[in-house]
Protein chains: 2
Amino acid sequence: MSASRGSPAELVEAARAGDRRSLARLLSSVERGGPEAREVASLLFDAAGSGYTVGLTGAPGAGKSTLVSALTGLLRSGGDEPRVAVLAVDPSSPFSGGAILGDRVRMGEHALDPGVYIRSMATRGHLGGLALAVPEAVRVLDALGFPWILLETVGVGQVEVDVAGAADTTVVVVNPGWGDAVQANKAGLMEIADIFVINKADRGGVRQTRHDLKAMLSLAASDDDGGWSPPIVATEAETGKGVDELVEALDAHRRHLEEGGRLEARRAAQRRREFHAVVVERLRARAIAKYGEQATAELADAVAAREVDPYVAADRLLGPD
Amino acid sequence: MSASRGSPAELVEAARAGDRRSLARLLSSVERGGPEAREVASLLFDAAGSGYTVGLTGAPGAGKSTLVSALTGLLRSGGDEPRVAVLAVDPSSPFSGGAILGDRVRMGEHALDPGVYIRSMATRGHLGGLALAVPEAVRVLDALGFPWILLETVGVGQVEVDVAGAADTTVVVVNPGWGDAVQANKAGLMEIADIFVINKADRGGVRQTRHDLKAMLSLAASDDDGGWSPPIVATEAETGKGVDELVEALDAHRRHLEEGGRLEARRAAQRRREFHAVVVERLRARAIAKYGEQATAELADAVAAREVDPYVAADRLLGPD
């Protein structure tokens, strides 16, 4: 019990032994950022790499949470009943500062399964922080021995696309009906999709949506996909129909990536992005420490009062370039 | 003609005289950022303030573009046929780097109206840049004499919420039907809405959506709204039905803000946010200049190869704190 109040190293040890509260504390450290997050990252950097991360993204209402729940059930029923971690990144109010857990309740059926770990992360208005915290949280879960990590994000907006970059395989979830595929394309999801799921397939219009997706895929086709053509799977997450096909598609994509070192190349690119994010975050923290809250606040007041424009005020704060 | 190739000061002069290409070049400067953007900002900072900015946000597919087009038509038909500028912020692929103009074509009916200026801005993967560029672009249009500026953004994601902060009045667009109001709430739109529009009202389910919105508004109610209770307007943007009610709601909110200095207080808060964004951007540019592309690239390679974790690499690049 006291382990959950220990140092990062003690927390890692306890979490490895299966203590969930220690795992939760490690993830909270990562979410908060700062020196403790950094220690956690360094402790676990070498141990990560054997887990596999599946990102699921799409517009609000596409049924991602239900699909994640169905997918979790199917993965858990595999040969050695592998453990599954679910990391849900919730867009949250910039004002309330809290995560809205909303449809996390749909995961209720797995809440008592000791082989399933569910965690929500909120944006809390720190976007840079999230781009940093999510891949780090994935690494913690990976290093602590989860063979499957499901990363659920809302798919509209650049940051969500960045967060999806932390996944090995990215599943883009749309619904049948005119326009959904078009919107996915507009939101920049066409290029990041390794697999498409048309969820709520019972609604009809699946054929048209499949046609739209194929048409847009042919426009967006790139040369660096190593010959992978994203399959399109129709599912009814509520009943579980089609989810076995999704698992087959995931396995196929994983095999594809593992051939010829593509998986390692993807992960290397992700680590590279993480490094740049850390550098920017570090610089921001330093600037606040160096110039002081007081001077910054006074100049912000002057800009607010229209006494000076934002660029001139930045010059005054930071000195000439 | 040669004016469109001049200095920022010359471009401002030409744009004031009505030259659209000069206006387009000023907005491109702002979008690119850098010293030219800064000069444009300083030139126009004092002149801005008489235009009024309406932000329209909501999930993809809610019909924002059609609504913007209908609203443009109605505003243009007002007493002195005021000019209208439309700034559409498109989410775009992080890979293609280009704006997908998609439904800009719906504005086609206004494309030949010399009193309407339409401009799309892409994210181009520079999120900080967008948070900076959008309010600056609004200021350019304001300072150059547009009495109405319509700012259309996709409403899911923190950045889009930030961008919406550049508006005087924020309109959140949802569709009828179960769940849309819930999703708007999840996306953090409840707190930023000054007016709700239930678009595609012909679909039915308006009463339920209105009920949901009211229920969530009562939960999200804050004390700092000066007694404003966001009205809920039902529209059919395709036919123009209800858009006159939206204009009335806009007028009412504007009057509300103008009473007791609330409008100026909102704008002061926005300028404050802009100042902080400029400071962060300036620090980032300096860091690149100081540490050099080469050293940064080598350390990024080391992180990618798992030779060192991102935090230790950042230490090596930037030195100890």
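Which residue in strand 6 of chain A is the bridge partner of Val173(A)? The partner is Val197(A). The model is a predicted one.

**Strands 5, 6 and 7 of chain A**

Strand 5 of chain A covers residues 169-174 and is joined by four bridges to strand 6 of chain A, the two running parallel. On to strand 7 of chain A, residues 232-234, strand 6 of chain A makes three bridges, and this pair is parallel as well. Here Phe196(A) has Ile232(A) as its bridge partner in strand 7 of chain A.

Strand 6 of chain A spans residues 195-198. Ile195(A) and Val197(A) point one way from the strand, while Phe196(A) and Ile198(A) point the other way. All four of these residues are buried.

**Aromatic pairs**

Over all chains, the structure holds four aromatic pairs. One of them is formed by Tyr52(A) and Trp148(A), whose ring centres are 6.0 Å apart and whose planes stand at 75°, so the pair is edge-to-face. This pair links distant parts of the chain: Tyr52(A) belongs to strand 1 of chain A (residues 52-58) and Trp148(A) to strand 4 of chain A (residues 148-154), 96 residues apart. Tyr52(A) and Trp148(A) are both buried.

In chain B, the rings of Tyr117(B) and Phe146(B) have centres 6.3 Å apart and planes at 45°, so this pair is tilted. Tyr117(B) is in strand 3 of chain B (residues 116-122), and Phe146(B) is in the loop between helix 5 (127-143) and strand 4 (148-154) of chain B, so the pair ties together parts that are 29 residues apart in sequence. Tyr117(B) counts as buried because its relative accessibility is 7%. Phe146(B), at 4% relative accessibility, counts as buried too.

**Charges over rings**

The charged end of Arg254(A) sits over its ring, 5.5 Å from the centre. Another arginine, Arg306(A), lies over the face of Phe45(B), at 5.8 Å from the ring centre. In that case the arginine is in chain A and the ring in chain B.

**Salt bridges**

The count of salt bridges over all chains comes to 24. The table gives three of them.

| Residues | Closest N to O distance |
|---|---|
| Glu31(A) and Arg119(A) | 2.9 Å |

Glu31(A) and Arg119(A) meet in a salt bridge. Glu31(A) lies in helix 2 of chain A (residues 20-32) and Arg119(A) in strand 3 of chain A (residues 116-122), so the pair ties together parts that are 88 residues apart in sequence. With a relative accessibility of 13%, Arg119(A) counts as buried.

Arg266(A) is in helix 10 of chain A (residues 262-291) and Asp194(A) in the loop between helix 7 (180-186) and strand 6 of chain A, so the pair ties together parts that are 72 residues apart in sequence. Arg266(A) is partly exposed, with a relative accessible area of 32%, whereas Asp194(A) is buried at 5%.

In the chain B pair, Arg271(B) counts as buried at 6% relative accessibility, and Glu264(B) counts as partly exposed at 39%. Back in chain A, a network of salt bridges links Glu136(A), Arg139(A) and Glu274(A).

Which residues of helix 3 of chain B are buried? In this helix (residues 35-44) they are Ala37(B), Val40(B), Ala41(B) and Leu44(B). Seen down the axis of helix 3 of chain B, these residues fall within an arc of 100°, so they line one face of the helix. An α-helix has 3.6 residues a turn, so residues three or four places apart point the same way.

Helix 4 of chain A, residues 64-76, contains Thr72(A). Is Thr72(A) buried or exposed? Thr72(A) counts as buried because its relative accessibility is 0%. The side chain of Thr72(A) reaches the backbone oxygen of Val68(A) at 2.7 Å. Val86(A) is 14 residues from Thr72(A) along the chain, and the C-alpha atoms of the two are separated by 8.3 Å.

How values were computed:
Residues are numbered from 1 along each chain as its sequence is written. Chains are lettered from A and ligands numbered from 1 in the order in which they are written. This is a predicted model: local features need pLDDT of at least 70, side-chain atom pairs count only at pLDDT 80 or more; totals for chains, interfaces and linings use all residues. Side-chain values use heavy atoms; hydrogens and water are left out. Buried means under 20% relative accessible area, exposed over 50%, partly exposed in between (1.4 Å probe, protein chains only). A polar contact is a pair of N or O atoms within 3.5 Å; within protein, one must be able to donate a hydrogen and the other to accept it, and residues adjacent in sequence count only if both atoms are side-chain atoms. The arc is that of the directions from the helix axis to the C-beta atoms. Rings of Phe, Tyr and Trp (its six-membered ring) pair if their centres lie within 6.5 Å; planes under 30 degrees apart count as stacked, over 60 as edge-to-face and the rest as tilted. A charge sits over a ring if NZ of Lys or CZ of Arg is within 6 Å of the ring centre and within 35 degrees of the ring normal. Two strands pair if DSSP finds at least two bridges between them. A salt bridge is a side-chain nitrogen of Lys or Arg within 4 Å of a carboxyl oxygen of Asp or Glu.
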